[in-house]
Amino acid sequence: VMTFVLNQTDRLTQYQLSDIKEDLVRLLRLDGLARPQVYPVSALSGDGVQALRQHLAQIAMDKRSMVARLQADIVAQAGALRGSLGVGDVQTLASGDVAALTRAGMAAISSDQIGEAVRQAVRRRGRAATGWPLLSWINRLRTDPLKRLHLDRFRPRHEEAEAPQLAPSALTLHPVSRARIDTTVREVTTPVLASLPNHWRQVMGDLVTRQTRLLPDAIRQGVAATDLGVTARHAWWQALRLIQWLVLAVAVAGLVWLGANAVLTLLLGSPSLPTPQWGRLPLPTAMLLGGFVVGLVIAGCARLGVGMTASAAGSGAVRRLRRSMEQVMTQTLTRPVNDEIKRLDQAREALDRVLAA
């Protein structure tokens, strides 16, 4: 691919030119060139210029021919490949498909049942916190509804110090639920696969199959990472608990006061502690009865507030689960499928640019 020019040959005799040319060829061969091409020319006399010009023209023509052949091969291959990629529009998985997949996932984990369990658990804990202390212990004896669903230890990671995070394997998807998810995946991906060219359809089908196998574990991971809101702190619960204990302390103080007077009466014949009146009742009696009545009234009113808080907690848990499920379906299935379709569009655009060049 190299051409060597020996210039100023007009200064040499024919004999000298032959010797110098042979010596130059020998040196070039020693440098590793098997068949060096040397053109002796004279810019002054014009000797050899025409031969050099023809040689360079031939090289340029050969280069253009080679480039033209390569371009023709590229265009032919690009045309064949472009034909295999199809020309029709390709469907993608849209928000409606994500919603359908999310509904199937929510049904698979029985999200309504989880929401109801959260509602009952919050109600149980709220009643234990705000109820009358002498009776609220009964709520603590009842089984936590979340334990029946193995969700009592599902916590976000920042709460691990309070309760260890349950392994996602504790949530088991029923085979019927898994089959329902598989059916929904087929329903939403069939139109997409039908719009793809044959080869890409096979590749996409394999991708969908792989990602569908990952869905059960991804769903369990998503549920495990979802904060169900069961351990949320409610300031008014703490305030009512303090009030209930103060009211109970007043009632106990009244009971002790009355008991002390009764004992002194038995021992001394008359009570020695002062018993002022509060209205028509002795103050110790008013404290005892008032403590019991006020405590029960506060507990009854608190039950209404706890019920509303529990309903909101159950609805909030379902909403959080739905957001987690949407994220799982998007990351595990929707995004990989749409990314593959995007690569198909990019391949089509690149081939179109080659064919248009």
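Predicted model: local features only at pLDDT ≥ 70, side-chain atom pairs only at ≥ 80, totals over all residues.
E116 has a partner, R119, and their side chains meet in a salt bridge with an N to O distance of 2.4 Å. Both residues sit in helix 4, which covers residues 111-130, and being three residues apart puts them about one turn of the helix from each other. R119 is partly exposed too, at 22% relative accessibility. Why might such residues team up? Side chains of opposite charge can pair when their charged atoms come close.

How many salt bridges turn up when the whole structure is searched? The count is five.

| Pair | N to O distance | Where |
|---|---|---|
| E116 and R119 | 2.4 Å | helix 4 (residues 111-130) |
| D217 and R220 | 2.2 Å | helix 8 |
| R343 and E340 | 2.5 Å | helix 10 (residues 283-356) |

Take the helix 8 pair next. D217 and R220 are three residues apart there, about one turn of the helix. D217 is partly exposed, with a relative accessible area of 46%, whereas R220 has 16% and is buried.

In helix 10, R343 and E340 are separated by about one helical turn because they lie three residues apart. R343 counts as partly exposed at 42% relative accessibility. E340, on the other hand, is buried, its relative accessible area being 13%.

Now for a loop. Where does S195 lie? You'll find S195 between helix 7 (175-194) and helix 8 (198-224). Is S195 buried or exposed? Its relative accessibility is 19%, so S195 counts as buried, the cut-off for buried being under 20%. Setting aside neighbours within four places in sequence, S195 is in contact with D89, V90 and Q91.

Finally, have a look at the surface. M66, V67, L70, I74 and V354 form a nonpolar patch there, and together they have about 400 Å² of accessible area. Which helix gives the largest share of the nonpolar patch? That would be helix 2 (residues 49-84), with four residues. M66 is in helix 2, and at 37% relative accessibility M66 counts as partly exposed.

Key: Residues numbered from 1 in each chain as written. Heavy atoms only, no water. Helix = DSSP H or I, 4+ residues; strand = E, 2+ residues; numbered from the N terminus. Buried < 20%, exposed > 50% of the residue type's maximum accessible area, 1.4 Å probe, protein only. Contact = heavy atoms within 4.5 Å. Patch = residues over 30% accessible without salt bridge, like charges linked within 9 Å, V, L, I, M, F, W, Y side chains within 5 Å. Areas by Shrake-Rupley, 256 points an atom, 1.4 Å probe, with all protein chains shown as cover. Salt bridge = Lys/Arg side-chain N within 4 Å of Asp/Glu carboxyl O.
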